[in-house]
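Please read the following briefing alongside the sequence and the model.

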2 protein chains.
Amino acid sequence: MERPLYRVVIDTIVERIASGALPPGAMLPSETQLGAELGVSQGTARKALIELEGRQLVQRVQGRGTFVTVRTPETSLFNFFRLRNPDGAQVRPELVAEHVARRPATPAEAAALFGEPDEVVEVERVRSLNGRRVAHEVSVVPARLFPGLFERAPLPNTLYVLYQQAYHIIITRAEESLRATLADAPVAKALEIAPGTPVLHVERQAIDVLDRCVELRRSHCVTEDQVYAVSLS
Amino acid sequence: MERPLYRVVIDTIVERIASGALPPGAMLPSETQLGAELGVSQGTARKALIELEGRQLVQRVQGRGTFVTVRTPETSLFNFFRLRNPDGAQVRPELVAEHVARRPATPAEAAALFGEPDEVVEVERVRSLNGRRVAHEVSVVPARLFPGLFERAPLPNTLYVLYQQAYHIIITRAEESLRATLADAPVAKALEIAPGTPVLHVERQAIDVLDRCVELRRSHCVTEDQVYAVSLS
């Protein structure tokens, strides 16, 4: 089956965003301009823009035009950090510890990450809320995709904003697998809880705009005062 | 601010689906017909249909038309039952126990459920996989919204299909809050595990097409062989 025309438009725009030719906040060509440039009807261009908006890659502003989404620290935290107060209110955890290291990839990491990397950068962090440690996160990314990441430490609170701004790597979704487990000694120490406390164990694969798995993240969260909130549809 | 025209089209179609005037599988009027009937342009009608498709209430079939989504047992299980094998494969748990009761609503239930019900129907179920109990679920719905539900027991595997077919109540999303906890005595007994085993505790509010909270569900899941999988974007 041939690729429908609106998919050609979508792929073209996605490549421009991924290459940095269309940076965050940039205005896209109008439907008419896009149609003329790519040889498709205005309706086809519109259909592509609507799908790109649905994927949250662009935002259409009534009467002004269409813009590449800016992944602010706020949207990044809101979408990808799922701890909430039990009433649903968002929380703003603080970074209280960070350790960044460069090391060889494990076979499992090489198999899961884009480009089968030999070497990865590991970012270990602890977040706290109201003076209580709530999350221990270990993120692993291919060293080659993120040159100089190791030297940039200490890193900003929201890594995905850094990925976009410094590396044009735009995380668009994350697949998470959750389990209830008991904190082992290292996790208990990092979170300052008793070993054997129940914690939420979250394994994440973060996928970028080019559909590449560019980060693995293992988190352990204390869910006494907060919950992991998710919307299904 | 006035309601934009395409929202009027959306609300009209949603009401028809919710009332049963447009049952699952029914074909919607064409964009031209919708435009003429509701006094809007074809483009406005199309915009509304695209949003309804995004909300998975309708499906557009190339060259045939637009149809009200049929919530099959498969889609219902796939979207709202999140246990997966660690490799991501879907699992098909079996129902091994069910207890249905009619009882007064607790104050918290009356406050959370649509219509502040005095009376609820409670459906308690246990699901198993490969001979091992994996989930204990307690669903609570307003008795008035689901007349005769109590008398229908034993209920089918996927409640949301029954809600749609028998009551025109279409669940479109669910808000879930997850915690890691230790199984207490009743949960341990229902799941045939040792008290103190870590379990995933899930609190759900199920929201229907009219944006009403029509079901509360509390689940406890064993996450030794399976995980709770979710996609964030």
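**Cavities, a pocket and aromatic contacts**

A search of the whole structure finds six cavities of 30 Å³ or more, a cavity being a set of points, on a 1 Å grid over the protein atoms alone, where a 1.4 Å probe fits but cannot get out, whereas a pocket is an open set with protein on both sides within 12 Å along at least five of seven lines, and lining residues have an atom within 4 Å of a point. Grid points are joined across faces, edges and corners, and a volume is the space filled by probe spheres set on the points. This is a predicted model, in which local features need pLDDT of at least 70 and side-chain atom pairs count only at pLDDT 80 or more, while totals for chains, interfaces and linings use all residues. Residues are numbered from 1 along each chain as its sequence is written, chains are lettered from A and ligands numbered from 1 in the order in which they are written, and side-chain values use heavy atoms, with hydrogens and water left out.

**Cavities**

- The largest cavity has a volume of about 250 Å³, and of the 21 residues that line it, F80(B), F81(B), E137(B), R204(B) and R217(B) lie nearest its centre.
- Its lining divides into ten nonpolar, four polar and seven charged residues, where Ala, Val, Leu, Ile, Met, Phe, Trp, Tyr, Cys and Pro count as nonpolar, Asp, Glu, Lys and Arg as charged, and the others, Gly among them, as polar.
- The second largest cavity holds about 130 Å³ of space, and its lining includes F80(A), F81(A), E137(A), R204(A) and R217(A).
- By class, the lining of the second largest cavity has six nonpolar, one polar and five charged residues, and its largest share, three residues, comes from β9(A); helices (H or I, at least four residues) and strands (E, at least two) are DSSP runs, numbered from the N terminus.

**The second largest pocket**

- The second largest pocket has a volume of about 480 Å³, and among its 18 lining residues the closest to its centre are E109(A), E203(A), L216(A), R217(A) and R218(A).
- β9(A) gives the largest share of this pocket's lining, four residues, and the lining as a whole divides into five nonpolar, five polar and eight charged residues.

**Aromatic contacts**

- Over all chains the structure holds eight aromatic pairs, in which rings of Phe, Tyr and Trp (its six-membered ring) have centres within 6.5 Å, with planes under 30 degrees apart counted as stacked, over 60 as edge-to-face and the rest as tilted.
- Y160(A) and Y163(A) form a tilted pair, 5.4 Å centre to centre with 35 degrees between the planes, and both lie in helix α6 (residues 159–167) of chain A, three residues apart.
- F80(A), F146(A), Y160(A), Y163(A) and Y167(A) form one aromatic cluster.
- In chain B, F146(B) lies in the loop between β6 (132–142) and α6 (159–167) and Y163(B) in helix α6, so their pair ties together parts that are 17 residues apart in sequence.
- The charged end of R212(B) sits over the ring of F114(B), 4.8 Å from its centre, and K47(A) lies over the face of Y6(A) at 4.3 Å from the ring centre, the criterion being NZ of Lys or CZ of Arg within 6 Å of the ring centre and within 35 degrees of the ring normal.

**Helix α6 of chain B**

- Seven of the nine residues of α6(B) are buried, so this helix is largely enclosed by the rest of the structure; buried means under 20% relative accessible area, exposed over 50% and partly exposed in between (1.4 Å probe, protein chains only).
- After α6(B) comes H168(B), whose phi is positive, near 55 degrees.
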